[in-house]
Number of protein chains: 2
Amino acid sequence: MPSNSKFSYIHHEIVPVENAFLHVRDLSIQRGYGIFDFFKIHDGHPYFLDDYLDRFYNSAAIMHLTVPHTREELKSVIYTLIEKNDIAESGIKMILTGGYSEDGYQPAEPNLIITQHSLTLPGEDQIKNGVKIITHEYGRDLASAKTINYSIGIWLINKVKESKAMDVLYHQHGIVSEFPRCNLFIVRKDNTIVTPAHHVLHGITRKNILKLAAKRYRAEEAIVTLDDICQAKEAFLTSTTKRIVPIVQINETQIGNGKPGEVSLSLLKDLIALEDADYKAKVF
Amino acid sequence: MPSNSKFSYIHHEIVPVENAFLHVRDLSIQRGYGIFDFFKIHDGHPYFLDDYLDRFYNSAAIMHLTVPHTREELKSVIYTLIEKNDIAESGIKMILTGGYSEDGYQPAEPNLIITQHSLTLPGEDQIKNGVKIITHEYGRDLASAKTINYSIGIWLINKVKESKAMDVLYHQHGIVSEFPRCNLFIVRKDNTIVTPAHHVLHGITRKNILKLAAKRYRAEEAIVTLDDICQAKEAFLTSTTKRIVPIVQINETQIGNGKPGEVSLSLLKDLIALEDADYKAKVF
């Protein structure tokens, strides 16, 4: 990733990023076994940090991995890294791997790696014009854990590019779940806001949008089908980095009037305000 | 893995094994993206090397990764490593990762790692008494590619141990496919030898057993159900390291008379003879 940061955390110490290595015995390299999480930094402040740490510890528990630090120790490492790297707008990634396995299969003491990166935000045109998505029949393993397994998402990169789409939505027998790195929302014609309930990663932005939407609309987690999306008034994807990106086309079908909808854009304003409030609450 | 070898190959050179590192930007660590293969060495000779190289290049092609060497270059690296490490009985693992990704998602120039290891062969008691297996509903993504994604297999390790089983067999709606690292065979009451046809990795040992079985029995790739296994006269698993291990129990159901069957054991003899012939053909 664009590594304009100077320092990373690995093997229990902060080292120059160019020295952040794992021996090939690590179970992430041997067997793709590990979990991670990622959160945004604004002006030295991590947005919604406790939510991301909750999910990180939960992913580790699901995959039978032990985070080698208490929550307070982990926070202190994170804040030290933020201070040393001093990048106002950035993201922090925490990876916890299966560790240096003796036999290349059994997990050992996990390796924890923390790196900081610049952010690639969605282009203004994506917000202004909305994006196209395509679909693929697939369901992530152990979807509630944020594992490092992105084999299918990465395998589909060329198909997404060839389709001039921004992303690919997973579904099983027409019931949709999530994107490789984003959650899906639709706005029904009656202004009910719905996100798939099952077989999804519980995104922190997804959680925030459900909370914000409930203030002004009916908001629910439910079963969403491909047909529901085609019939929807609006659709959008959410992620930590992308916040909200309006979806105006799924495969060859236009969604709503083919333009970003006002509900989507008003929720984006609300989300930015919520981030701002989270920042002010900690800083002032 | 038990690394009693002195040297590994990484970043286009042979280095002391303790220096075989990847930077954390590698896509195997970031996204579990990579493929691999593994073959056995006897007295400096790799068994069935061309079959394993065929599969390695095929896995790379399926996952849109380019092996940075021609087949002849790769063979020459392998033989140099075998000579330098000088371990009579061992295994060689080749891993090809998504490389040092700029954005932590898009594959870059792949990293190729080749390591040599001692082998953990199945215990005599496993051959003599046979083993128990359990089952789990799951299907590997892109099963014909030998990817490094073993999230579910490793996640199930504790369940296998608690069940006092040797391994876990994947099935979808009762149609079985494979084990995390082995193929399945059954011997029907009419002595037909069957291995699951679809959604499996095409094991080199699987291929050899099909060939050997066809000489003396009816042998086929077909759909195999959980019930077929319960009704079978014999069952066994195959892998490069394990060769053939008789299966005498699936979950709580005994298979056949609960003892390793003569067909399974005769095919094990044939396989050992085939390995010996492959060795002699190259060496003498």
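## Close-up views of a predicted two-chain model

**View 1. The open sheet of chain B.** In chain B, six strands make an open sheet with antiparallel pairing, ordered β2-β1-β7-β6-β4-β5. Its edge strands, β2 (13–16) and β5 (45–46) of chain B, each pair on one side only. Strands (E, at least two residues) and helices (H or I, at least four) are DSSP runs, numbered from the N terminus. Two strands pair if DSSP finds at least two bridges between them. The model is predicted: local features need pLDDT of at least 70, side-chain atom pairs count only at pLDDT 80 or more, and totals for chains, interfaces and linings use all residues. Residues are numbered from 1 along each chain as its sequence is written, chains are lettered from A and ligands numbered from 1 in the order written, and side-chain values use heavy atoms, with hydrogens and water left out.

**View 2. Strands β6 and β7 of chain B, with two helices.** Strand β6 (residues 89–97) of chain B runs antiparallel to strand β7 (residues 112–117) of chain B, and six bridges join them. I95(B) has I113(B) in β7(B) as its bridge partner. Helix α3 (residues 71–85) of chain B packs on the sheet. This helix touches β1 (7–10), β2, β4, β5, β6 and β7 of chain B, and its direction makes about 35° with that of β7(B). Helix α2 (residues 49–62) of chain B lies across β4 (34–42), β5, β6 and β7 of chain B. The α2 helix of chain B runs at about 175° to β4(B). Axes are lines fitted to C-alpha atoms, for helices over the stretch in contact; angles run from 0 to 180 degrees between N-to-C directions. Contact means heavy atoms within 4.5 Å.

**View 3. The open sheet of chain A.** Chain A has an open sheet of six strands, with antiparallel pairing and the order β2-β1-β7-β6-β4-β5. β2 (13–16) and β5 (45–46) of chain A each have a single partner strand, so one side of each lacks a neighbour in the sheet. Helix α3 (residues 71–85) of chain A packs on the sheet. It touches β1, β2, β4 (34–42), β5, β6 (89–97) and β7 (112–117) of chain A, at about 35° to the direction of β7(A). Strand β1 (residues 7–10) of chain A runs antiparallel to β2(A), joined by four bridges. Y9(A) has I14(A) as its bridge partner in β2(A).

**View 4. The two domains of chain A.** Chain A is divided into domain 1 (7–118) and domain 2 (124–276). These bounds come from an automatic or database domain assignment. Taken over C-alpha atoms, the centres of the two domains of chain A are 27 Å apart. In domain 1 of chain A, 20 residues are in contact with 20 residues of domain 2 of chain A.

View 5. Strand β12 (residues 193–196) of chain A is covered on both faces. I193(A) and T195(A) lie on one side, V194(A) and P196(A) on the other, and all are buried. Buried means under 20% relative accessible area, exposed over 50%, and partly exposed in between (1.4 Å probe, protein chains only). Strand β11 (residues 183–187) of chain A pairs with β12(A) in the antiparallel sense over two bridges. I186(A) stands opposite V194(A). The hairpin of β11(A) and β12(A) has five residues between the strands, and N191(A) there takes a positive phi near 70°. β12(A) also pairs with strand β13 (residues 219–222) of chain A, in the parallel sense over four bridges. I193(A) has A219(A) in β13(A) as its bridge partner. From β12(A), the chain crosses through helix α7 (residues 204–214) of chain A to β13(A), and this β-α-β crossover is right-handed. That is, with the strands pointing away from the viewer, the path from the first strand over the helix to the second runs clockwise.

**View 6. Strand β14 of chain B.** Six of the six residues in strand β14 (residues 234–239) of chain B are buried. E234(B), F236(B) and T238(B) point one way, while A235(B), L237(B) and S239(B) point the other way. In a regular strand the side chains alternate between the two faces of the sheet. Strand β11 (residues 183–187) of chain B runs antiparallel to β14(B), with five bridges joining them. V187(B) stands opposite E234(B). β14(B) also pairs with strand β15 (residues 243–250) of chain B, antiparallel over five bridges. T238(B) stands opposite I244(B). A hairpin of three residues joins β14(B) to β15(B).
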